[in-house]
Each structure stands twice: as C-alpha cells, then as structure tokens.
Amino acid sequence: KTIFNNIEELPGDALFAIKQRLAEDSRTFKVDLGIGAYRDESGKPWVLPAVRKAESLIHADPSFNHEYLGIAGLPALTSGAAKVILGEDSPALAEKRVVSSQSLSGTGALHIAAKFINKFLPGRPVYVSDPTWANHVSIFESQGVKTVTYPYWDAATKTLNLDGFIKAIESSPRGSIFLLHACAHNPTGLDPSEAQWEEILDACVKNDIIPLFDSAYQGFASGSLAKDAFAVRLGVKLFAETAPIFICQSFAKNVGMYGERCGCIHLIVPKQDSSVNVTAITKALGSQISKITRSEVSNPPAYGAKIVAKVLNDAELTQQWHQDMITMSQRITKMRRTLSDKLVALKTPGNWDHIVNQCGMFSYTGLTKEMVQRLEKEHGVYMVASGRASIAGLNDQNVDHVANAINEVVR
Ligand code: PLP
C-alpha cells in the first residue's frame with residue numbers, strides 16, 4: 001500500500017519551467033527568449049504558408065481519413081525526407097543504402113537510435129558536444145547508453161575548440177559513436193565552417209567513428225537546405241566505404257510542425273563488396289527499427305506526416321516552403337544584427353559580435369546565470385540559465401527593451 005509513498009519528486013524541466021513562469025508573470029510587457037520555437041514579427045507562432053496550403057489540400061481530398069499509418073510511417077514522407085537531408089542526387093539513395101523510418105519528431109528519432117545502439121552496439125558510449133541540447137543526455141542515458149562529452153565551445157573566445165574536438169575524436173576508442181549537430185548547434189549557435197567540418201569528418205573516418213547526425217534545424221541556419229546539410233552530405237560521402245551513419249531528422253522547426261511530432265530516422269549502410277547483400281541488410285535494419293516503433297508507439301502519428309509529405313511532394317508547395325525557410329532565417333538574422341547594433345550603441349561592456357556570427361535559432365550570449373535571473377526578475381526578459389537566448393523571440397517591438405535590459409544587467 002505504501003509502494004508509491006517514497007518516490008522522489010524531480011525538479012521540473014528547466015525549459016518548460018520558463019514557460020510556466022512566463023504564463024504566471026502578470027506584467028504586461030514580457031519577452032520570451034526561452035523555448036526554441038519561431039515567432040513572427042508580432043511575436044506570434046507562425047503557421048508556414050506552405051503548411052496552410054498543404055492542410056487545405058489535405059482536407060479537400062475526399063479520401064482523407066484518420067486511419068493508422070504503417071509501422072515505418074508514411075512512405076511519401078520518409079522517401080521525401082531522405083531526399084531533403086541527403087539531396088535528390090544522393091548516391092547512397094541511388095544505391096539503396098538508406099533505411100528510413102518515421103519517428104516522433106527528432107526526439108523520437110534519437111530515442112530509436114538510443115535503443116538501437118543499446119541493442120546492437122552495446123557498451124559504446126555516445127560522445128556529445130560540451131555543451132549540447134540537455135535532452136541528448138537524458139535520451140541516451142534513459143536507454144542505458146552512456147554519454148561522454150567532447151570539447152566544443154571555448155567560452156573565453158566564444159569560438160569552436162577545434163583542436164580539443166579533433167583530439168577527442170583521435171583519442172576515443174575506435175568505433176565510438178559521435179553525435180554531431182548537423183547545423184545551427186543548440187545551444188551555442190556556433191557551427192564549424194565547411195573547412196572545419198572537413199577536418200572533423202576526416203578525423204572521424206581515420207578513427208572509424210560512427211557518426212550520428214542530429215538534424216533539427218536544416219534550413220534554419222542559412223535558409224538553404226543544401227547549405228545546412230553540408231556536414232551530413234559530406235559525412236555520407238566520406239563514410240561511403242567505411243562506417244554506417246545514423247541521421248535523426250526533425251521537421252519541428254523547419255516546417256513548424258512542433259507539436260505534430262513529425263520526423264524520421266535514417267540509417268545508411270556503407271558500400272561493401274559484391275558478396276554482401278545490401279538489400280538484405282537494409283531489410284533487416286528496417287525490421288529492427290519497426291520492432292522498436294511497434295512496441296513503443298505502435299505506429300507513428302499521421303497528421304503532421306501527411307502535411308510534410310504534401311509539402312515535400314508538391315513542387316509548388318516545396319517552393320513555397322523554401323521561401324518560408326528564407327523568411328524565418330532572414331528575420332532571425334536581422335534581429336541578431338539589430339540586437340548587437342543596439343548593444344554597441346549603448347556601449348554595453350563586452351564584445352557582441354558573436355550574436356551576429358552565431359546562426360540558427362539560438363545565441364549563446366555569454367550572460368551569466370545571475371544576469372539571466374536579473375533579466376527575468378527586473379525586466380521580464382526570459383531566457384535559459386546558461387545564457388542561451390532564442391533570437392526568434394525578438395522583434396521590432398521588444399528588441400529595444402531587451403537591449404536596454406541586457407545593458408543594465410551587465411554593467
Ligand atoms: N535536437 C536538437 C539539437 C534540438 O534542439 C531539438 C529540439 O529542440 C531536437 C533535437 C528535437 O526536437 P523535436 O523532438 O521537437 O523534433
């Protein structure tokens with residue numbers, strides 16, 4: 001009868017706690033730079049025009065229904081999604097070395113990867129960047145997969161610690177799994193340059209690393225799907241003869257499907273000599289992923305998948321989507337510039353170039369925990385305690401307030 005009585009209450013999730021405090025804050029002027037979700041210039045969630053059109057086409061179709069999808073998800077989604085991340089002309093796709101399965105957004109894809117690693121690559125830790133998205137650690141550790149950090153962010157210079165990163169690759173046991181943020185690194189907003197990616201991935205190939213790309217922001221960093229997939233596509237090319245690759249893909253941010261939980265996991269099998277039956281390998285891998293999905297969610301959610309599949313398979317909607325990603329990434333870039341300019345104009349102590357140089361949804365501002373607390377308490381500006389600000393929460397109406405508030409707390 002007392003079996004539940006001694007179960008410890010855990011602290012709430014830090015990010016969702018911000019949302020809660022914001023909702024309870026009675027001040028009329030508040031600024032949400034917490035959650036990583038795009039906001040338009042009036043601070044509102046944005047349903048992408050491509051999504052609006054896709055939804056109206058879906059509802060107008062007399063055959064629309066709410067039936068179950070298959071266990072691996074909607075084929076029109078998974079095949080379109082593979083082309084989005086790998087490129088239309090991907091040799092891996094032409095050579096049928098890709099296994100794709102629908103997942104509960106990016107988190108679900110990572111979760112499947114974690115279960116798969118625990119089962120088929122037991123004992124291997126997953127190396128994650130220092131810092132990384134906090135949920136990475138929870139997702140892998142909840143499945144019994146240990147995580148180890150590799151150096152990434154150099155706080156003193158606010159730049160990439162490339163040497164430390166490469167040394168970690170070189171000194172890890174052969175066959176280690178490295179989780180790489182495909183673009184728009186969360187939380188730092190700092191991505192390796194293309195030349196740095198070449199060095200990183202060369203080191204990975206030399207040390208037989210298994211890359212696990214987390215692609216949650218493709219199209220958000222630069223507005224271009226191809227540019228933001230540079231690292232993934234280079235990795236797929238360099239590893240074509242050597243190691244398998246995991247890709248965890250989310251459509252939460254780039255299609256604005258946050259709550260619909262639409263994503264995919266892709267496993268890429270390396271090329272092998274002709275005695276190896278790659279078709280049999282991909283079938284086996286697909287069956288194992290399906291086994292995981294079946295036992296956990298039975299089959300993935302249909303609605304978001306139908307929307308994204310429509311966007312990816314209708315030329316006009318695809319074009320609109322490309323435009324929508326440009327709209328989002330350009331507005332964020334503009335707000336980075338505006339905030340940085342205002343801090344410079346206010347002669348706020350410190351250098352604020354990193355706000356402009358970082359990319360994607362976030363800026364790792366360098367503000368301390370105490371400064372972040374004061375921003376919230378005294379100015380109604382909410383961000384993560386690490387100093388990570390979601391730039392998408394800025395707009396012309398609130399950026400002055402935010403700049404003045406930052407200026408006040410850093411002095
Ligand atoms: N990976 C990273 C780095 C993220 O920042 C996020 C979301 O914030 C995700 C994965 C997964 O998000 P979702 O499960 O909403 O697709």
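This is a predicted model: local features need pLDDT of at least 70, side-chain atom pairs count only at pLDDT 80 or more; totals for chains, interfaces and linings use all residues.
**Ground rules**

I count residues from 1 along each chain, in the order in which its sequence is written.

I looked up the confidence values. pLDDT is the predictor's confidence in each residue, on a scale from 0 to 100. The chain has a mean pLDDT of 96, and 100% of its residues reach 70 or more. For the complex, the predictor gives an ipTM of 0.99 and a pTM of 0.96.

I take helices (H or I, at least four residues) and strands (E, at least two) as DSSP runs, numbered from the N terminus.

**Ligand shell**

The list has Gly-36, Ser-105, Gly-106, Thr-107, Trp-133, His-181, Asn-186, Asp-214, Ala-216, Ser-250, Ala-252 and Gly-263.

Which helix gives the most to this shell? I find helix α5 (residues 105-120), with three residues.

I then sorted the shell by class. Ala, Val, Leu, Ile, Met, Phe, Trp, Tyr, Cys and Pro count as nonpolar, Asp, Glu, Lys and Arg as charged, and the others, Gly among them, as polar. I get eight polar, three nonpolar and one charged residues.

I went through the pairing next; two strands pair if DSSP finds at least two bridges between them. Strand β7 (residues 177-181) runs parallel to β8 and pairs with it over five bridges. Ile-177 has Ile-210 of β8 opposite. I followed the chain from β7 through helix α8 (residues 194-206) to β8 and noted a right-handed β-α-β crossover. Right-handed here means that, with the strands pointing away from the viewer, the path from the first strand over the helix to the second runs clockwise.

Strand β8 (residues 210-215) is also parallel to β9, with four bridges. I noted Asp-214 opposite Cys-248 in β9, and Phe-213 opposite Ile-247 in β9. Asp-214 is also in the ligand shell.

On its pairing with strand β10 (residues 262-268), β9 runs antiparallel, and six bridges join the two. Ile-268 in β10 is the bridge partner of Ile-245.

I checked burial with one count: a residue is buried if 20 or more other C-beta atoms lie within 10 Å of its own, exposed if 12 or fewer, and partly exposed in between, with C-beta atoms placed from the backbone. In β8, five of the six residues are buried. In strand β9 (residues 245-250), six of the six are buried, so the strand is largely enclosed by the rest of the structure. Ser-250 is another residue of the ligand shell.

Is Phe-165 buried or exposed? Phe-165 is in helix α7 (residues 162-171), and I call it buried because 24 other C-beta atoms lie within 10 Å. Contact here means C-beta atoms, placed from the backbone, within 7 Å of each other. Leaving out residues up to four places away in sequence, Phe-165 touches Tyr-150, Pro-151, Tyr-152 and Ile-200.

I noted a cis peptide bond from Asp-130 to Pro-131, with omega near 5°. Pro-131 is in the loop between β3 (126-130) and α6 (134-142). The bond from Asn-186 to Pro-187 is also cis, with omega near 20°. Pro-187 sits in the loop between β7 and α8, and Asn-186 is on my ligand list.

I also noted positive phi values outside glycine. Ser-298 has phi near 70° and lies in the loop between α11 (278-296) and α12 (303-313). Ser-298 is exposed, because it has 10 C-beta neighbours inside 10 Å. Lys-347 has a phi of about 55° and lies in the loop between α13 (315-345) and α14 (353-357). With 8 other C-beta atoms within 10 Å, Lys-347 is exposed.

Definitions and conventions: Two residues are in contact if their C-beta atoms, placed from the backbone, lie within 7 Å. A residue is near a molecule or strand if its C-beta atom, placed from the backbone, lies within 6 Å of it.
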